[in-house]
Amino acid sequence: MMKKLACAVMFLALGTVSALAADFNGKWNGDVTTPRGTQNLVFDFHVDGATLTGKVTSPRGDVDISNGKVDGDNISFDTVMNFNGNEFTISYTGKADGDTIKFTRTFAGGGMGGGGNGGPPPPVEFTATRAPAGAPAPPPAQ
């Protein structure tokens, strides 16, 4: 009897932990301040277990998410961009807090400049908020 009770308690505890994980599915909007101005990003996330897929929409267009992972309230993924023949990766890490995600965005590769001596620009922190269901995406920044 005690063994059954212990199993039931463990099952309930494990179910509660997964229920507490953030729901990243859907669209999120974030404004990123860069040396060239503020850029509006729209994240369209699809989560399957611990795997994250989707796309990021910026004024430059849509980019697919790669290496996407979800771990509880934490999210991480990359996007690969091509600018003037140079390919570079933008890495995002974030932590959910209700209907917001606090992100850090870092650049790698492609000699993007902006960080002094031709290196990558420094990491940028910004917050994305969940878009209301059925809301249209905000217009791209000009």
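For these notes, a residue is buried under 20% relative accessible area, exposed over 50% and partly exposed in between (1.4 Å probe, protein chains only). I am working with a predicted model, where local features need pLDDT of at least 70, side-chain atom pairs count only at pLDDT 80 or more, and totals for chains, interfaces and linings use all residues. Residues are numbered from 1 along each chain as its sequence is written, and side-chain values use heavy atoms, leaving out hydrogens and water.

**Entry one: Asn67.** I looked up Asn67 and found it in strand E4 (residues 61-71); strands are DSSP runs of at least two residues (E), numbered from the N terminus. Asn67 counts as exposed because its relative accessibility is 51%. Its phi is near 55°, a positive value in a residue that is not glycine.

Next I went to strand E5 (residues 74-83), which holds Thr79. Thr79 has a relative accessible area of 2%, so it is buried. Contact here means heavy atoms within 4.5 Å. Beyond its neighbours within four places in sequence, Thr79 touches Val56, Val63, Asp64, Phe88, Thr89, Ile90 and Tyr92.

Then I turned to nonpolar cores, sets of buried Ala, Val, Leu, Ile, Met, Phe, Trp, Tyr and Cys residues joined through side-chain atoms within 4.5 Å. The largest has 24 residues, and Phe43, Phe45, Ile75, Phe77, Tyr92 and Phe103 have the most contacts inside it. Strands giving two or more residues to this core include E1 (26-34), E2 (37-48) and E8 (124-130). E6 gives the most, with 4 residues.

Leaving aside neighbours within four places in sequence, I noted that the contacts of Phe45 include Trp28, Leu52, Ile65, Ile75, Phe77 and Phe103.
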